[in-house]
Structure formats: C-alpha cells, structure tokens
Amino acid sequence: MALKSIACIDDLRRLAHRKVPREFMDYYESGSYSEATLRANRDDLEKIRINQRILAGASDRDLSQTVLGQPQPLPLALGPVGLTGMAYRDGEIAAARAAQKAGIPYTLSTLSICSIEDVAAAVQKPFWFQLYFMKDRGFIADLIARARAANCSALVLTADLQVLGQRHRDVHNGMTVPPRIRLQTIAHVLSKPAWVAGVLLGKRKSFGNVEGRIPGTEHLSSYMAWINSQFDQALSWKDVGWVRERWPGKLIIKGILDVEDAREAARVGADAIVVSNHGGRQLDGAPSSISMLPRIADAVAAETEILFDGGIRSGQDVFRALALGAKACLLGRAYLYGVCAAGEEGASKAIDLIASELDVTMALAGVRRIGDIGRSSLASGT
C-alpha cells in the first residue's frame with residue numbers, strides 16, 4: 001500500500017503492522033491489564049455527535065491556534081512516544097522533522113532512542129521535552145539542563161508513572177525486564193528485513209538520553225532494568241517545585257484526570273496541563289480522557305491552558321476535544337503509525353490527514369475559526 005493510497009489513520013495502522021515486527025507493534029498498541037481504559041478512550045470519543053450546520057457561510061476557514069503563547073497553523077502537537085526509534089530508523093528525528101514541516105510542536109520522550117542532542121542537531125525549530133520523575137535526581141537534573149541547552153521550548157512533566165501498569169501483551173511477547181528472547185520473536189524480526197536494516201543503520205541502538213551517563217545501561221535491556229528500578233512511589237506535588245526551580249521555561253504537566261489535580265497543577269504554576277490517562281497504559285479502569293475533559297476545562301481553563309491526549313485518530317476527534325474545552329490535542333499512536341509506515345513522510349501524512357479531516361468537519365459544522373468551536377458545536381445530549 002503506497003502512501004498516495006492512504007485515506008485515513010487506520011490505513012496507516014494497517015501498513016505499520018506490515019512493516020514492523022509484532023512485538024514492537026504490540027508494545028505501541030497495548031494498554032494495561034484488561035485494556036478497558038484503552039478501549040474507553042476510543043469508544044467515548046466516537047459516541048460524541050457533532051452538530052451539523054448548513055448554509056453557515058463557513059468559507060475561508062482558519063485552523064490556526066496559539067499554544068503556550070506561540071502561534072501555529074494547527075491545534076496539534078506530537079506527543080511523547082517511547083522507543084519511536086525502534087519503529088523506524090531514527091524515528092524521533094523523522095517525527096520531529098514532520099512536526100517542524102507542519103509548524104507544530106514535537107515532544108521528545110525521555111524513553112527515546114535518539115537523544116536530545118541528536119534531535120536538536122536535526123531540526124531548526126525548538127521542540128518540547130517530556131520528563132519522567134525518577135529516584136536518581138542527579139540524572140533528572142542533568143536531563144533538564146540538557147533540555148535547556150538544546151533550547152527546548154517546553155518541559156512536559158509526565159506525572160502518572162509512579163509505578164508501571166502491566167501490559168499483558170508485553171509479558172506474552174517477552175518485552176519484560178529482563179526481556180525473554182524466543183524463537184518466535186526472532187522469526188518475527190527476521191520476517192521484516194527492511195525494518196531490521198533500517199534500525200541497524202540508525203544513530204543508536206539503545207536509549208540515547210542515558211547512553212554513557214548511567215553505568216551499566218549500554219543496551220536496551222540494561223536500561224529497561226534500570227528505569228524499572230527508578231519509579232518513585234513517594235512522588236508528591238513538592239517534587240514539581242523541585243523541577244520548577246531548575247526549569248525557567250514553559251512547564252506542562254501531563255497525566256491529569258482529576259479536577260483537584262488540575263487545580264493543584266494550576267496552583268504550582270503549570271503553564272498548561274494535558275488531560276490524559278497515558279493512552280490507557282497505566283490505571284486500567286480509569287475513565288476515558290474525553291469523559292473528564294469538560295469538567296477539568298470548566299474548573300481551570302481560566303488559569304492554565306488545557307491540552308488533550310487520548311485516542312485521537314481523526315480530525316473529527318480533534319473537533320470533539322476542542323468543543324469540550326481543549327486548546328490543542330496531542331497525537332500519539334496516530335502519528336506513530338505514520339512513522340512505522342514511512343518515517344518522516346508517514347508522520348507528515350498522519351498530520352495532513354487529521355488536518356484535512358478537521359477542516360472538512362469545521363465546514364460541515366458551520367465553523368470558520370478554531371476559537372468558534374464550543375459546546376454548541378456538539379449535538380444536544382452528547
């Protein structure tokens with residue numbers, strides 16, 4: 001399937017599964033435990049009905065938005081996705097370049113294959129950096145300093161990973177700490193020779209942000225073991241203050257799913273929050289992100305910017321989230337499918353698909369500007 005015949009994100013997903021070994025696709029696709037929250041993210045979005053309006057004169061539509069004080073042509077950002085560099089050769093760089101081309105932010109994960117410095121050298125515009133809290137505060141301080149040196153324009157602090165939600169698919173596939181190598185896994189990898197060749201030619205074969213900085217973490221397996229020991233169950237809001245002291249730029253707190261947590265994030269000075277349940281990969285049984293968005297937006301939109309993450313697969317989904325109070329949406333799996341399928345070109349295709357769908361949706365809903373999308377844009381009863 002050539003990219004020119006790709007019509008939607010689901011097409012990119014199907015192509016991604018043809019290109020990348022099953023073990024890695026399961027890692028990207030899976031949710032925790034029974035995957036109830038993973039499914040709810042999509043199900044609850046699809047239940048929301050958009051109000052169709054006719055003869056509204058909705059020509060010359062403007063999809064631009066201002067996020068964290070920066071004007072951009074679309075109400076989108078590429079969210080952090082770990083191991084993107086195992087989806088495609090130098091996948092983080094591919095995604096960052098696609099975002100730069102589209103004029104939207106890219107968020108580099110702490111768990112990236114390419115390092116902060118690799119990505120900074122490959123793009124001309126600043127990107128966001130996503131940070132996990134870890135017990136090794138010296139390493140975290142070093143990461144923050146490196147993000148500052150790379151001129152990252154925002155720090156995205158992911159706060160919902162005090163412990164790791166078990167993903168059954170990873171256990172079944174041997175994507176554990178330490179990993180289990182099986183003949184079946186080897187067969188799946190060798191069945192994708194183009195993927196193998198691409199990844200082998202990439203800049204790095206392990207986690208670039210850790211290489212050479214933590215003794216004994218030279219390989220994927222050793223780093224996974226190290227980070228598994230670094231989750232800090234004693235984390236509290238005072239730790240956000242510790243980060244704030246070291247980061248003078250824009251601060252985004254990701255993983256907000258509760259109104260009181262949103263209020264506390266605003267109180268500690270977050271410039272934005274991301275309403276997110278980690279893509280259904282942490283607390284299984286938690287509500288969908290979209291179901292919590294309106295009440296969180298009602299509570300704190302006047303104090304901090306509201307970003308949304310969780311199940312976006314189309315421009316219609318973006319429209320729904322904007323109508324319920326988000327200022328912009330983070331894409332995750334949607335653009336990752338594009339990276340898996342065709343690197344930078346595939347990521348650009350994912351962005352273009354969603355932008356085009358959003359534009360058509362605005363036209364048929366009788367809306368000319370992003371700022372005009374609101375609760376009245378949704379059909380009554382949704």
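User: Why is Ser115 called buried?

Analyst: The relative accessible area of Ser115 is 1%, and a residue counts as buried under 20%, as exposed over 50% and as partly exposed in between, with a 1.4 Å probe and protein chains only, so Ser115 is buried. This is a predicted model, in which local features need pLDDT of at least 70 and side-chain atom pairs count only at pLDDT 80 or more, while totals for chains, interfaces and linings use all residues. Residues are numbered from 1 along each chain as its sequence is written, and side-chain values use heavy atoms, leaving out hydrogens and water.

User: Where is Ser115 found, and which residues does Ser115 touch?

Analyst: Ser115 lies in the loop between strand 4 and helix 5 (116-122), where helices (H or I, at least four residues) and strands (E, at least two) are DSSP runs numbered from the N terminus. Leaving aside residues up to four places away in sequence, Ser115 touches Leu108, Arg146, Arg204, Gly208 and Asn209, a contact being heavy atoms within 4.5 Å.

User: What makes the buried residues of helix 11 line one face?

Analyst: In helix 11 (residues 237-246), the residues Asp239, Val240, Trp242 and Val243 are buried. Seen down the helix axis, the buried residues of helix 11 fall within an arc of 155°, taken from the directions from the axis to the C-beta atoms, so they line one face of the helix. On the other side of helix 11, Lys238 and Glu245 are exposed, whereas the buried residues pack against helix 6 (137-149), strand 6 (154-158) and strand 7 (250-256).

User: Why is one side of strand 3 and of strand 4 left without a neighbour in the sheet?

Analyst: The open sheet is formed by 8 strands in the order 3-10-9-8-7-6-5-4, with parallel pairing, and two strands pair if DSSP finds at least two bridges between them. Strand 3 (76-78) and strand 4 (107-108) stand at the edges with a single partner strand each, so one side of each has no neighbour in the sheet.

User: How do you know that strand 9 and strand 10 pair?

Analyst: Strand 9 (residues 305-308) and strand 10 (residues 328-331) run parallel and are joined by 2 bridges, and the criterion asks for at least two. Leu307 stands opposite Ala328 in strand 10.

User: What makes the protein chain as compact as a globular protein of its length?

Analyst: The protein chain has 15 helices and 10 strands. Its radius of gyration, taken over C-alpha atoms, is 20 Å, close to the 21 Å that the globule rule gives for 382 residues, so the protein chain is as compact as a globular protein of that length. That rule is 2.2 Å times the number of residues to the power 0.38.
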